[in-house]
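Hello,

Here is the structure I said I would pass on. My notes on it follow below.

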Amino acid sequence: MANKSKLAKQKQREKTVEKYAAKRAELKAAGDYYGLSQLPRDASPTRLHNRCEFTGRPRGYIRFFGVSRIVLREMAHKGELPGVKKASW
């Protein structure tokens, strides 16, 4: 399980990306690369990484559900995911 600090850092990055999105688009359209370099590094959307909502696991992430493969399996076994049936796993 990821530390809570990893989840908090990811939330902070998402806020930073959202905050600077309009300014980044404006600078990029103008071709002002010096202005882009003056923005915080975490303002770039490429610094975001998908993480599981429950555990914070960065690998094995399933975008449709927003969780990792392990949590998806647990939720499917409990019947918490509508329309998902246990096949042979």
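**Notes on the chain**

R41 counts as exposed, at 68% relative accessibility; exposed means over 50% relative accessible area, buried under 20%, and partly exposed in between, with a 1.4 Å probe and protein chains only. R41 sits in the loop that joins α2 (33-38) to β1 (61-62). Its C-alpha is 9.5 Å from that of V17, and the two are 24 residues apart in sequence.

Before the rest, the basis. The model is predicted, so to speak of local features a pLDDT of at least 70 is needed, side-chain atom pairs count only at pLDDT 80 or more, and totals for chains, interfaces and linings use all residues. Residues are numbered from 1 along each chain as its sequence is written, and side-chain values use heavy atoms, with hydrogens and water left out.

The chain has three helices and two strands, in the order α-α-β-β-α from the N terminus. Its radius of gyration is 18 Å, well over the 12 Å that the globule rule gives for 89 residues, so the chain is more spread out than a compact globule. That radius is taken over C-alpha atoms, and the rule is 2.2 Å times the number of residues to the power 0.38. Helices (H or I, at least four residues) and strands (E, at least two) are DSSP runs, numbered from the N terminus. Along the principal axes, the C-alpha atoms fill a box of roughly 55 × 25 × 15 Å.

Of the 89 residues, 26% are buried. The accessible surface of the chain is about 7,000 Å², and 52% of it belongs to carbon and sulfur atoms; areas come from the Shrake-Rupley method with a 1.4 Å probe, and for residues only the protein chains shown count as cover. Among contacts (heavy atoms within 4.5 Å) with a separation of 6 or more, 29% are between residues 24 or more positions apart.

E18 belongs to helix α1 (residues 4-30). With a relative accessible area of 66%, E18 is exposed.

Which residues of α3 are buried? In this helix (residues 69-78) they are V71, L72, M75 and A76. Seen down the axis of α3, they fall within an arc of 135 degrees, so they line one face of the helix; the arc is that of the directions from the helix axis to the C-beta atoms. The buried residues of α3 pack against β1 and β2 (67-68). Just after α3, G79 has a positive phi of about 85 degrees.

S68 is in strand β2 and counts as buried, at 1% relative accessibility. Neighbours within four places in sequence aside, S68 is in contact with C52, T55, R57, R59, G60 and Y61.

Regards
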